[in-house]
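Please study the sequence and the model before reading each solution.

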Amino acid sequence: MSLPHRLTCAFVAMLLTAAVHAQAPSAPRELDRVIAVVNTDIITANELAMRQRTVEQQLRRQRIDLPPPDVLRRQVLERLIMDRALAQAARDQGLRVDDAQLDRALARIAEQNRLTPSQLRTQIERDGMNYVRFREDIRDEILVSRLREREVDAKVVISEADVDAWLADQGTAEPSAVEYNLSQILLRIPEGASPEQIERQRLRAEEVVRQAQRGAEFARLAAAFSDAPDAMSGGAIGFRPADRLPQLYVDAVATLKPGEVTPPLRSPNGFHILKLVDRRASVPGKIGSEPVVQTRARHILIRPSELVPEGEVMRRLRDLRDRVRGGADFAELARQYSSDGSAGRGGDLGWVYPGDTVPDFERAMAALQPGQVSDPVRTEFGVHLIQVLERRTDSASPERVRQAARQALRERRIEEALQDWLRQVRDRAYVEYRDQ
């Protein structure tokens with residue numbers, strides 16, 4: 001059973017980080033004003049200023065140099081516009097999150113942070129956040145997640161002919177077991193853009209590449225220029241297997257050395273600029289007709305957040321590890337502390353094939369003997385404690401091989417479809433700028 005896929009677009013940041021609107025208590029407050037209209041909603045100057053302070057804090061935590069204030073302000077405003085457009089699109093399609101559903105989501109957030117709902121509210125307000133705004137941001141996160149599932153994930157269909165073609169390519173191509181650690185900058189082109197608009201973006205993309213080649217920090221350039229959802233994370237995509245990346249990306253970085261940057265790459269969505277951070281060999285064990293080793297494992301997952309930073313998560317998981325090694329029931333601890341969907345099963349992931357989990361998880365799991373418990377393991381999903389229960393050798397059935405092929409194709413196409421969908425939502429939104 002595979003781990004859940006990470007969220008993207010409006011849910012690119014973790015819930016607490018995305019919802020924070022910290023306000024400096026001592027700063028003088030000017031009379032608020034409308035600076036943008038998005039369909040039937042508005043964005044105010046105070047709201048933009050609070051979100052910009054939050055983004056600045058986020059970038060500093062990641063040790064990313066801040067872009068000039070006016071550049072960052074423009075980028076943050078565009079993020080707010082996209083968030084509003086997505087939330088309104090969800091509501092226009094009849095999607096709703098009632099107060100009972102929202103309360104359950106907030107209770108889960110509180111539980112993951114070892115707080116009661118009332119303690120969570122107290123903590124949020126103590127940190128200078130507006131709790132009503134926090135609730136509504138969480139509601140919007142849930143709405144957009146449901147909309148993305150309906151408009152992107154559910155519409156990506158992989159046919160049997162697609163699977164046949166993928167398997168044929170795998171059979172004739174050289175074995176590929178490469179993972180790429182990439183960062184990206186996307187300069188989006190609106191739907192129906194004129195040749196002049198396209199040329200302006202091309203020249204802009206070439207200037208970004210020149211700055212990167214002259215030594216400008218790529219993460220800072222992403223924060224300043226990128227239209228991708230991960231811009232405020234420095235454009236970091238992280239390690240991905242080659243068959244989970246768009247073919248455009250794989251072809252462009254195949255001959256790069258770590259640290260090098262591609263020229264602008266044209267796609268239907270705009271111009272992409274990629275930086276190859278690193279490459280490495282994938283975990284061995286490609287699923288095919290040969291016997292493969294399966295592992296039955298379970299885990300406890302805790303996600304770092306604004307309320308529980310990574311250092312505290314590591315401390316908690318080391319404490320849980322010591323308790324398990326001292327005789328505590330791993331399954332019971334997973335039910336109590338894990339934020340993964342497997343918590344109700346005691347963290348049990350069932351029989352896992354090679355490639356079912358993300359590489360960092362798989363490497364740590366492969367190093368364990370049955371009965372052993374790992375040290376805390378970082379992945380893109382959070383921090384895990386892993387226990388291996390048993391192993392067996394089995395041959396992957398033809399159905400299993402086709403399932404793996406279908407999943408690889410699906411992930412690649414969802415990534416491509418997601419960018420196209422975001423562009424369409426933004427292009428269809430009525431936006432009026434009133435910022436002087």
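A residue is called buried under 20% relative accessible area, exposed over 50%, and partly exposed in between. The model used here is predicted.

**Exercise 1.** Determine whether D427 and its salt-bridge partner R423 are buried or partly exposed.

*Solution.* Step 1: D427 forms a salt bridge with R423, and the closest N and O atoms are 4.0 Å apart. Step 2: both residues belong to helix α14, where they are four residues apart, about one turn of the helix. Step 3: D427 has a relative accessible area of 29%, so D427 is partly exposed. Step 4: R423 has a relative accessible area of 7%, so R423 is buried.

**Exercise 2.** Explain why the salt bridge between E160 and R402 ties together parts that are apart in sequence.

*Solution.* Step 1: the side chains of E160 and R402 meet in a salt bridge, at 2.6 Å from N to O. Step 2: E160 lies in helix α7 (residues 160-172) and R402 in helix α14 (residues 398-428), so the pair ties together parts 242 residues apart in sequence. Step 3: E160, at 43% relative accessibility, counts as partly exposed. R402, at 23%, also counts as partly exposed.

**Exercise 3.** Identify the strands that the salt bridge between E390 and R296 links.

*Solution.* Step 1: in this salt bridge of E390 with R296, the closest N and O atoms are 3.5 Å apart. Step 2: E390 is in strand β10 (residues 382-395) and R296 in strand β7 (residues 291-302), so the pair, 94 residues apart, links distant parts of the chain.

Notes: Residues numbered from 1 in each chain as written. Predicted model: local features only at pLDDT ≥ 70, side-chain atom pairs only at ≥ 80, totals over all residues. Heavy atoms only, no water. Helix = DSSP H or I, 4+ residues; strand = E, 2+ residues; numbered from the N terminus. Buried < 20%, exposed > 50% of the residue type's maximum accessible area, 1.4 Å probe, protein only.
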